[in-house]
Amino acid sequence: MTVSRDDVDQARAVLAGRVHRTPSFGSRAIGVSLKAELFQKTGSFKARGALNRLAALTPEERERGVVTWSAGNHAQAVAWAAAQEGVDCLVQMWEGVSPLKVEATRGYGATVDLSPPDPAAAYDRVLAIVAEQGRVFVHPHSDPLVVAGHGTLALELLEDVPELEVVVVGTGGGGLISGIVTALDGRARVVGIAPERAQAFPAALAAGHSEPAGAAAVGAILAGKVEAGRGVAAIVSGGNVEPQQAAAILRGQ
């Protein structure tokens with residue numbers, strides 16, 4: 001199933017009043033506009049796609065509940081969306097994930113399973129749960145409703161930055177950038193960013209299947225990889241770095 005601009009428009013109607021319409025700020029220091037998705041519900045854009053997906057569940061699917069596979073922002077987003085929709089939620093994580101992520105996900109009301117030793121084993125466990133329990137798998141990025149939900153932030157960006165020419169966005173698993181490209185529908189150029197040591201999206205394109213990762217759009221601009229300018233906007237979405245790690249980075253460790 002492909003995703004269209006109409007799907008994004010429909011997602012915006014579904015999400016209206018249920019997620020934040022995050023602001024866009026002009027930054028003189030960087031010379032671009034910043035779309036502040038770190039102020040979104042659960043701290044990232046992931047809430048948009050998760051809620052759009054869960055809102056579309058049939059009554060029978062709601063009875064079965066949902067399951068997802070994530071150790072970070074998507075886990076929290078699906079847990080939050082499930083609570084909003086009154087749906088039972090199981091989040092499959094794995095050994096060694098961030099205790100803060102686990103605590104936050106459970107805080108939204110989800111059941112968290114940490115028994116698998118690694119992401120691959122956790123993914124296999126999700127597939128088994130779907131087969132055994134009939135839960136609906138809310139995929140982190142390869143789901144048309146998730147992609148359409150993420151694309152709604154680009155509609156807001158078009159309204160806030162009339163001169164928009166370029167949108168710089170982290171690629172990760174590809175769900176966000178796919179939604180943005182669909183929503184913009186040729187109105188602006190989209191530049192996907194991946195760190196040198198986490199080039200999951202280029203590798204996924206070459207391999208013909210997806211892999212998850214993190215990326216920093218603003219970092220690419222600061223590093224001169226993308227030229228700044230009045231018509232340039234970067235998506236800022238947070239929650240991937242623990243406070244202790246952020247403090248260590250700022251100390252230069």
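Mentor: A search of the whole structure finds 14 salt bridges, a salt bridge being a side-chain nitrogen of Lys or Arg within 4 Å of a carboxyl oxygen of Asp or Glu. The model is predicted, so local features need pLDDT of at least 70 and side-chain atom pairs count only at pLDDT 80 or more, while totals for chains, interfaces and linings use all residues. Residues are numbered from 1 along each chain as its sequence is written, and side-chain values use heavy atoms, with hydrogens and water left out.

Trainee: What makes Glu159 and Arg12 a salt bridge?

Mentor: The closest N and O atoms of Glu159 and Arg12 are 2.9 Å apart, and the limit is 4 Å. The pair links distant parts of the chain, with Glu159 in helix H7 (residues 144-160) and Arg12 in helix H1 (residues 5-15), 147 residues apart. Helices here are DSSP runs of H or I with at least four residues, strands are runs of E with at least two, and both are numbered from the N terminus.

Trainee: Why are Glu159 and Arg12 called partly exposed?

Mentor: Buried means under 20% relative accessible area and exposed means over 50%, with partly exposed in between (1.4 Å probe, protein chains only). Glu159 has a relative accessible area of 46% and Arg12 has 26%, so both fall in the middle class.

Trainee: How do you know that Glu60 and Arg64 are separated by about one helical turn?

Mentor: Glu60 and Arg64 are 4 residues apart in helix H3 (residues 59-64), and therefore about one helical turn separates them. Their side chains meet in a salt bridge at 2.8 Å, N to O. Glu60 is partly exposed at 46% relative accessibility, as is Arg64 at 31%.

Trainee: Why is Arg135 called buried, whereas Asp88 is called partly exposed?

Mentor: Arg135 has 12% relative accessibility and so counts as buried, whereas Asp88, at 44%, is partly exposed. Asp88 and Arg135 form a salt bridge, their closest N and O atoms being 2.6 Å apart. Asp88 lies in the loop between helix H4 (73-85) and strand S4 (89-92), and Arg135 in the loop between helix H6 (119-133) and strand S6 (136-137), 47 residues away.

Trainee: What makes the ring pair of Phe25 and Phe39 edge-to-face?

Mentor: Rings of Phe, Tyr and Trp (its six-membered ring) pair if their centres lie within 6.5 Å; planes under 30 degrees apart count as stacked, over 60 as edge-to-face and the rest as tilted. By this rule the count comes to 4 aromatic pairs. The centres of Phe25 and Phe39 are 6.5 Å apart and their planes stand at 90 degrees, so this pair is edge-to-face. Phe25 is in strand S1, while Phe39 is in the loop between strand S2 (32-36) and helix H2 (46-55), 14 residues apart.

Trainee: How exposed are Phe25 and Phe39?

Mentor: Phe25 is partly exposed at 42%, and so is Phe39 at 48% relative accessibility.

Trainee: Why is the pair of Trp69 and Trp94 called tilted?

Mentor: The rings of Trp69 and Trp94 lie 6.0 Å apart, centre to centre, with 40 degrees between the planes. Trp69 is in strand S3 (residues 66-69) and Trp94 in the loop between S4 and helix H5 (99-107), 25 residues apart. Trp69 is buried at 13% relative accessible area, and Trp94 is buried at 15%. Ring pairs link Trp69, Trp94, Tyr123 and Phe137 into a cluster.

Trainee: How do you know that Ala188 is buried?

Mentor: Ala188 has a relative accessible area of 13%, and the class requires under 20%. Ala188 lies in the loop between helix H8 (175-184) and strand S8 (189-193). Leaving aside neighbours within four places in sequence, Ala188 is in contact (heavy atoms within 4.5 Å) with Leu164, Glu165 and Val166.

Trainee: What share of the protein is buried?

Mentor: Buried residues make up 47% of the 253 residues. The secondary structure comes to 11 helices and 9 strands.
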